[in-house]
Amino acid sequence: MNPAPPPSPDKRALRARLRAARDAFVAGDPPPIAPPAAFLGRLRPGLIVASYLPLGSEADPLLLARAAIEAGCTLALPRTTSREATIAFHAFSEGEAIETGPFGLRQPHADAPVVRPDILLVPLVGFDDACNRLGQGAGHYDRALAALPDAWPIGIAWDVQRVAALPVDPWDRPLAGIVTETGFLERTTPQ
């Protein structure tokens, strides 16, 4: 359980700029993010799809989570206890109780079954054309992606969060693709 290194000044400034852009975009009542064909084509009964409950102006994966449930997948949500803790994914069904965890994260109770996701819907602050992801800075998802090398990680974002190129550190994990309100960007280079 290695904590994330301190963020570089470039990443800190970029996070602030992209959060402001995201906040402004969401204030304009953005359209929902629809599941792309690449996502729908992977869904099978019994798969575990990890989603998240958005905080603030994070892009909402609701329609993708619903599509997964309709396809017979099990839904999971992340749960953490601190900045340094590894994310655990717990099975979750609509209507089950949610509690507030660190950073205001809305998460399932600790007694919900821990599961290993096949597909991860990942929140982010920024992304680039190579599907690199800029997260909140604690390294939770970088560690989760490293621990789940066979999972298919898809970022959920607004187009305003896209930049030409992100600063990438050795511990940063690229995503397989990014879904936005206008479409799907798939990584074309091997990991």
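Which element gives the largest share of the lining of the second largest pocket? Before we get there, note that this is a predicted model, where local features need pLDDT of at least 70, side-chain atom pairs count only at pLDDT 80 or more, and totals for chains, interfaces and linings use all residues. Residues are numbered from 1 along each chain as its sequence is written, and side-chain values use heavy atoms, leaving out hydrogens and water.

Let's start with the nonpolar cores, sets of buried (under 20% relative accessible area, 1.4 Å probe, protein chains only) Ala, Val, Leu, Ile, Met, Phe, Trp, Tyr and Cys residues joined through side-chain atoms within 4.5 Å. The largest has 37 residues, and Phe 39, Phe 89 and Ile 156 touch the most other members. Strand 7 (119-123) is among the elements that give this core two or more residues, and its 4 residues are the largest share. A second, separate core of 6 residues includes Leu 14 and Val 125. Helices (H or I, at least four residues) and strands (E, at least two) are DSSP runs, numbered from the N terminus.

Helix 3 is the answer to our opening question, giving 4 residues to the lining. Helix 3 and strand 2 (74-79) are the elements that give two or more residues to this lining. Among the 14 lining residues, Leu 53, Leu 62, Ala 65, Leu 75 and Phe 92 lie nearest the pocket's centre. By class, the lining has 10 nonpolar, 1 polar and 3 charged residues.

Conventions
Buried < 20%, exposed > 50% of the residue type's maximum accessible area, 1.4 Å probe, protein only. 1 Å grid on protein atoms, 1.4 Å probe; cavity = no way out; pocket = protein on both sides within 12 Å on 5 of 7 lines; lining within 4 Å. Nonpolar A, V, L, I, M, F, W, Y, C, P; charged D, E, K, R; others polar.
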